Amino acid sequence: MNLSQRDKERLRSKRWRMNHLYKVINKKGQIVTFKFNAEQESLFSRYEKRKKRDEYGLRENILKDRQIGITTFHCIYNLDEVVWNKGRTAVIIAHEREALEKIFRKVRFAWESMPEPFRPVAEMDNKRELSFNEIGSNIYIALKVRSGTVHHLHVSEIAYIPEQDELKAGSFQSVPKTGDITCETTGNGYNKFYADWVRGKDSNLWNNHFFSWTQHEDYVSNIKKTSNKYDEYLKNCTEEQRNWWYITLDGLNGDFDLMKQEYPITEDDAWRSTGAGIYHDIIDIPGTLNPIVDIDRSKFPTLTDEDFRGMSIYEYPQKESEDVTVRRGAYVLGADTSGGYSDSDYSSFFIIETRSRKIVAKFKEKIVPDLFAHRIMRWGSEYNNAYCGVEANNHGLTVLTEMRDAGYSDLYQRERRDKVTNDLTMEMGWLTTAKSKEALVDEIRKAIRDRDVEDLPESLLTELKTFVQHKNGSLGADSGCNDDEVMAFGITLMMLRSRPYVDIKPKISKYFGNTLQYNKRGGLNFNGRL
């Protein structure tokens with residue numbers, strides 16, 4: 001194929017290729033040549049500047065509103081990379097199985113619409129993968145990276161992926177330093193992606209990009225609005241933008257919180273939870289508790305490397321006071337249980353010193369119930385045979401039975417009245433019911449509000465931000481989030497109520513004008529004359 005010098009120059013330009021060689025189906029169902037909109041142009045320009053400046057490839061977090069073409073942009077961006085460069089692999093990670101083929105249709109359609117002289121032959125061509133053997137490149141979509149090196153990784157709706165830690169430990173690690181990782185999402189509460197976003201603001205490696213709906217040229221309407229209820233919120237919008245906003249709000253059944261999340265004006269709007277955040281008004285009260293970085297293992301001579309997996313140590317155990325009237329060095333432990341690797345939840349426990357009310361240790365890991373029981377016992381023993389409250393629901397029964405059979409001496413027991421005989425019996429473990437969960441939630445609120453527990457681990461603070469009251473009235477983690485640490489922390493606080501710090505003051509009285517003081521051994525001190 002004979003090309004003019006001008007055409008050769010054009011084909012060397014990624015910007016030109018992306019705006020001339022690929023077609024998409026627009027919102028009206030029309031087949032059109034892909035052209036950058038304002039948001040896509042902004043991203044492309046930032047990407048190009050970074051690639052010229054940094055030794056690293058792209059590391060980008062994108063927080064956006066709905067339907068502005070960010071996923072389509074990255075589909076074509078990465079397709080262009082594998083078509084015009086040899087030996088490249090690009091992967092798109094979808095947040096759910098139902099989205100796999102829907103997203104990849106954008107890739108296949110763009111490839112099929114390329115001018116024939118430039119379109120490489122695909123030896124593998126299916127609903128989820130294109131492989132170009134002649135140039136040694138391929139592009140596919142999946143829920144996680146299969147294997148090998150990935151040069152261009154894009155994650156769609158990352159805030160809705162439950163296992164973000166696994167994504168980073170697996171798929172992210174397949175990308176070399178010079179490769180690209182781009183993550184885009186609409187908001188989904190204060191979840192793990194929120195934590196990444198906050199860290200990205202102070203990072204030299206990751207860049208943050210926020211797109212408000214007010215930047216999108218299509219979000220306007222000439223149809224007059226019939227309400228002015230939210231005009232103060234929309235005060236910086238044009239009349240046409242306000243018209244569009246009220247029409248879209250009606251389509252969401254007037255759900256203002258959901259509207260702010262799906263079509264944010266500010267970053268704070270985007271992070272709004274879809275439920276009613278239980279602790280949003282007090283979450284800024286506690287400070288951040290940082291673990292000991294280099295743990296002195298001599299403080300725990302009986303523990304193995306395995307015992308330290310999933311552990312964060314904030315304070316070493318204090319030797320228990322010999323004074324029985326002062327519970328100095330006394331600890332409580334509260335544990336939230338899970339099935340280990342059989343579900344998406346983690347097992348977690350906290351240990352709190354009863355006098356200072358400080359969190360001294362935390363555990364969080366996916367671990368099977370019987371091994372979790374032994375982990376609790378080993379750490380409970382290290383912290384002066386801590387008083388343990390273990391959730392009795394579901395897998396908790398296995399944990400409690402294992403601890404009882406092993407002879408752990410200080411387990412929380414609750415009263416239960418037999419409905420038939422009316423007899424009062426004692427049963428092991430903390431039972432989470434709708435009523436007891438409300439009490440636990442209230443106890444956490446009180447501890448934070450009154451600064452009973454001064455500082456909290458960052459991971460717990462993150463979970464507290466996404467702990468909500470759902471529209472059906474239930475309490476728990478927002479969609480795509482976890483509440484394992486919240487529950488474990490709450491159970492620990494309930495153990496603190498059950499086994500509080502005790503400091504009995506010496507009793508002082510007067511006898512004929514002389515001071516009588518009972519000492520801690522029960523004897524009598526007399527400061528006057530005999």
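Residues are termed buried when their relative accessible area is under 20%, exposed when it is over 50%, and partly exposed in between, with a 1.4 Å probe and protein chains only. The structure described here is a predicted model, in which local features need pLDDT of at least 70 and side-chain atom pairs count only at pLDDT 80 or more, whereas totals for chains, interfaces and linings use all residues. Residues are numbered from 1 along each chain as its sequence is written, and side-chain values use heavy atoms, with hydrogens and water left out.

The protein chain contains 15 helices and 25 strands, these elements being DSSP runs numbered from the N terminus (helices, H or I, at least four residues; strands, E, at least two). Its radius of gyration is 30 Å, well over the 24 Å that the globule rule gives for 530 residues, so the chain is more spread out than a compact globule; the radius is taken over C-alpha atoms, and the rule is 2.2 Å times the number of residues to the power 0.38. Along the principal axes, the C-alpha atoms of the protein chain fill a box of roughly 120 × 60 × 55 Å. Buried residues account for 49% of the 530 residues. Where contacts (heavy atoms within 4.5 Å) link residues at least 6 apart in sequence, 65% of them join residues at least 24 apart.

The largest nonpolar core comprises 51 residues, of which F73, L79 and W245 touch the most other members; such a core is a set of buried Ala, Val, Leu, Ile, Met, Phe, Trp, Tyr and Cys residues joined through side-chain atoms within 4.5 Å. Two or more residues of this core are given by each of helix 3 (38-53), helix 4 (70-83), strand 4 (89-93), helix 5 (100-112), strand 6 (129-132), strand 7 (137-142) and helix 8 (239-251). Helix 4 provides the largest share, eight residues. When neighbours within four places in sequence are left aside, F73 is in contact with M18, F34, F36, Q40, L43, F44 and Y47. A second, separate core of 34 residues includes I278, L456, L464 and F467.

I103 is found in helix 5 and, at 8% relative accessibility, counts as buried; beyond its neighbours within four places in sequence, its contacts are T71, C75, I92, A94, I141 and S156. The C-alpha atoms of I103 and T72 are separated by 8.1 Å, although these residues are 31 residues apart along the chain. T248 lies in helix 8 and counts as buried at 17% relative accessibility, and its contacts, with neighbours within four places in sequence left aside, are M259 and Y263.

In helix 7 (residues 192-201), the buried residues are F193, Y194, A195, D196, W197 and G200. The cover over these residues includes strand 3 (59-63), helix 6 (164-169), strand 9 (180-185), strand 10 (207-210), helix 10 (267-270) and helix 14 (458-465).

Positive phi values in residues other than glycine occur at E157, where phi is near 50°, and at R357, where phi is near 60°. E157 is placed in the loop between strand 8 (152-156) and helix 6 and counts as buried at 8% relative accessibility. R357, by contrast, is partly exposed, with a relative accessible area of 25%, and is found in the loop between strand 15 (347-353) and strand 16 (359-365).
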